[in-house]
Amino acid sequence: MATDLMEIDDSLYSRQRYVLGDSAMHQMAQSSVFLSGMGGLGVEIAKNIVLAGVKAVTLHDTKQCETWDLGSNFFIRKEDVLSQRRRVEAVCPRVAELNPYVHVDMSSSALDDNTDLGFLRRYQCVILTEARLSLQKRVNEFCHSQQPPIRFISCDVYGICARVFCDFGEEFEVFDPTGEEPKEVFIQSITQDNPGVVTCMDNQPHGLQTGQSVVFREVGGMVELNGTSRQVSVLSSHSFAIGDTSQLQPYTHGGFFVMVKTPKMYRFETLERQLCDPRVLTPDFSKPEAPLQIHAGMLALDTFQEQHSRLPNTGCLQDAEVLLKLTEEVNAALKSKASVNTELVRCLSRTARGILPPLAAAVGGLASQEVLKAITGKFAPLQQWFYLDAIEVVKPLQPLSAEEFSPRGDRYDGLRACIGDSLCLQLHKLRVFMVGCGAIGCEMLKNFALLGIGLAKSSGEVCITDPDLIEKSNLNRQFLFRPHHIQKPKSTTAAEATRDINPDLQVEAHLNKVFPATENIYNDSFYSSLNLVVTALDNVEARRYVDSRCVSNQRPLLDSGTMGTKGHTEIIVPNLTESYNSHRDPPEEEIPFCTLKSFPSVIEHTIQWARDKFESAFVHKPSMYSSFWQTHSSAEVVLQRMQAGESLEGSFQVIKLLSRQPTQWDQCVAIARLKFEKYFKRKALQLLHSFPLDTRLKDGSLFWQSPKRPPTPLEFDLKDSLHFAFIVSTARLFAGIYNIPYSERDLSEEAITRILTDVKIPEYRPSEKCIETDETAKKPDQIKMPLSSEEERDAIAHLEQAIATDRVTPERLRMSPLQFEKDDDSNGHMDFVASASSLRAIMYSIEPADRLKTKRIAGKIIPAIATATAAVAGLVALELIKVVGGFGFESHKNCFFNLAIPVVVLTEPAAVKQTLIRNNIYYTIWDCWTVFGHEDFTLSDFMNAVREKYGIEPTMVVHGVKMLYVPVMPGHSKRLKLTMHKLIKPSVDRRYVDLTVSFAPEADGDEDLPGPPVRYYFSPDGETP
């Protein structure tokens, strides 16, 4: 159970901590939430907020489980329907299982116009779903009037329309509206003027807005600014004014500023007041009037329910006309209004009894994030309405008969009411391949189960693959997994959990990575058996590869990703849109080698340096050492070959490791102490010897000026906890790679002190070596660097000595490389990186980072939260329905959102581009020309076949990296008579190859013109020859 001073369970919450921060996490762990309505939307919100880790949740619902619920509520099972259980009884234990730190209880008492609402005072936030508008107003008035106000959220999904409303009281303070980490920006200059103008170094964007404040640090000359906060007035993307600096000393050099996070106050009105003049968020700028149009339509639907005590009947034209008339009346009373959207209202009337599970997932994700904002004050709240419609899903279905949408008494009735029976059947037959079963993968499988995608009886199938095993940190958002699944494969576990939701699903689970090495499994015939591919990946390289396979095999691809509260979806449809590879993000900027090695200026540099040290000492060197002795099993033979003047790659480094190899724990501690001396004292002394503090550059400016920081040598002090942590963690890691045992007692301060008293620290003598200052220089490869004759002689002497003293035993020729594991606090990996990074930061007067931040940067952890994952998967699943329905380009939507701000932006995908080759011959990325050959088909025949079939003659033919025909290459003209078989040498089972072909330019001297790939089949029928 969460207590008031809960210690955050980092092994569970680590990815979410990076999104919300510890202050918000503690706030959540003290908050109780009341959530009414256990339909598809309610259970979605329950899942997300319990995963997030609130203190307590009361789930409220009065209805019984029906077959219908199986299609929208993933925590209701067939046996719950058969035994006529209440929905809340079925759902409550399954929600509680999601997080042992959250107390989940239930209520099935009546909540209506006569209920005494006093019981709500014990909650910090109240959420209503599936509630009549009159009840929403009454509960909202009660919550708003309390001191402090109870935060109120209501949300609904009816068919194709969804809404979320928030009221957090008259004054709601947010301590961090964006959640973005303030960056340190280095200063180029500050004018001595009124106002003084600050310019950023190298025209770096400052990312500030007028009215925000910044704090200055380490400014040279104008020292009065240091530690002070100034309000800014933005002048350009890289300069801003800070008020009067004319009376300050003139600026000379250096310094940086950091934005100060300032709390912001938000004011909310009650639901009653907001009804006629709503403040809305606009998600789709191609239809800016939609939010107000849905507002009017859904208020009319509320009135319809009040008048008729029911929703409009599916496909009933009379009900649609009544709803349309009500919408016109509601619209007339609105202060800000849009024209009534007749088509939208008619679609809403027809689908209101139904539910699109993916729409509930998307809106549920957004609404859950608002709950977390309400109880933590972290991130800007929604003001005050969010409306979303999925009219594009149902627009093309309007001509269908009413019979298509009528119920059949099964779990898909809610979906059928929206998309019709024919499209439901298409979903059942679907064959889908999903790559990745992490957070997005679990959410996608939930949507597949509710939509009935890939049913065994319809010959459909969902094939999933993921090589990873489940870790505890996954449980915070990968909701199909439980604690007893830890260390089991993600894919097989997720498949089992998906079949629990819908036993009719055919799910095949693999443990493979999808990359070139598994093309024998995921080959072209595998892709041709699919209807579409879904990626649930966390890296760009894998996405690019899967995308290339989908383009090559003409298969739609649905991609999505999240980072913290941000999410994106991208829909890729053959011959309609561009592909994922059509656009490339700029590569991540690498930290220059000289900055990491000698001139760090920000904490990221010292963390990366510590991570690199780990990789070099405990991964790379042990791996190289072991593989060298596997290749050269005899030290005597190595010695003979070296004495004969032979150069063996890596021999110098390997012999150095062998000659310095420790054999007992005391020696590991001694090595750690010498490493401290080298890294944190001698490095600083050497730099200050090479570049004294008064060193000037050719232009007369100081060498040591911002962003370069002069180092201060550190004196070793075992009483300093950071120094002690470095010694112990470093010694442990060396013991690990050399297979040296140690006990818990060996790690005590007493034992370490005893060992260190005997360690002799050699006297420091500065060297005259050159220190790299060029930021474009790359790190040299030590193994490939030529050895001096002195180094060779040393290596031979060391090896001779090792052999002579019997130190070359099989045990001594083996080392155990480590694998960096950030999530296991007992292994010492993060202890080493955190202590080494902090010591280096102190040496360079950089503010050290806490362990949490160090772990995120060193482990390249992507911040993650269940709310964004649920939203992104819901949006993708909506697009999936459109792809399966074969809808046109204008129906599809890509999405970018940031739930923190909050902003949701829906846009059209990028339309496929046509590229002109010449003479009115065009191609797109989806085109693949084909040529069918036979055993005696020559290269010349191939060239003629392309010309005859496509009207343009190739000038160059390439297969992979092999050039089959390039006219200017010597001897290539003779190849024209050779058969394609002889040139390509295909494997026995190869049916075809894809060739890259270029065409002659229109004018001599121009470059050859690219074209689409040409698929050459080795036999006339395209079968295996």
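1. Basis. The model is predicted; local features need pLDDT of at least 70, side-chain atom pairs count only at pLDDT 80 or more, and totals for chains, interfaces and linings use all residues. Residues are numbered from 1 along each chain as its sequence is written, and side-chain values use heavy atoms, with hydrogens and water left out.

2. Cavity count. The whole structure holds 3 cavities of 30 Å³ or more. A cavity here is a set of points, on a 1 Å grid over the protein atoms alone, where a 1.4 Å probe fits but cannot get out; lining residues have an atom within 4 Å of a point. Grid points are joined across faces, edges and corners, and a volume is the space filled by probe spheres set on the points.

3. Largest cavity. Its volume is about 220 Å³. The lining has 22 residues, and those closest to the centre are Leu 388, Asp 389, Glu 392, Lys 893 and Leu 906. At least two lining residues each come from α7 (290-308), β17 (385-389), α11 (391-394), α28 (866-884) and β24 (894-898). The most come from α28, with 4 residues. Helices (H or I, at least four residues) and strands (E, at least two) are DSSP runs, numbered from the N terminus.

4. Nonpolar covers Ala, Val, Leu, Ile, Met, Phe, Trp, Tyr, Cys and Pro; charged covers Asp, Glu, Lys and Arg; the others, Gly among them, are polar.

5. Second largest cavity. This one has about 80 Å³ of space. Ala 362, Val 363, Leu 366, Phe 386, Leu 388, Ala 871, Leu 875, Phe 897, Leu 899 and Val 904 line it. The lining is 10 nonpolar, with no polar and no charged residues. α10 (357-376), β17 and α28 each supply at least two of the lining residues. The largest share is from α10, at 3 residues.

6. The bond from Ser 706 to Pro 707 is cis, with omega near 10°. Pro 707 sits in the loop between α22 (665-690) and α23 (721-737). Ile 901 and Pro 902 are also joined by a cis peptide bond, with omega about -15°. Pro 902 lies in the loop between β24 and β25 (903-907).

7. Positive phi. Ser 459 is not a glycine, yet its phi is positive, near 65°. This serine is in the loop between α14 (439-451) and β19 (461-465). Ser 459 is exposed, at 52% relative accessible area. Asn 575, also not a glycine, has a positive phi of about 65°. Its loop runs between β23 (566-572) and α18 (593-597). Asn 575 is partly exposed, at 45% relative accessibility. The cut-offs are under 20% relative accessible area for buried, over 50% for exposed and in between for partly exposed (1.4 Å probe, protein chains only).

8. Strand β10. How many residues of β10 (residues 213-217) are buried? The count is 4 of its 5 residues, so the strand is mostly covered by the cut-off of under 20%. Strands pair if DSSP finds at least two bridges between them. β10 pairs with β11 (residues 229-231) in the antiparallel sense over 3 bridges. In that pairing, Val 214 stands opposite Arg 230. β10 is also joined to β14 (residues 256-260) by 5 bridges, again antiparallel. Here Arg 217 stands opposite Phe 256.

Definitions and conventions:
On a 1 Å grid over the protein atoms alone, a cavity is a set of points where a 1.4 Å probe fits but cannot get out, and a pocket is an open set with protein on both sides within 12 Å along at least five of seven lines; lining residues have an atom within 4 Å of a point.
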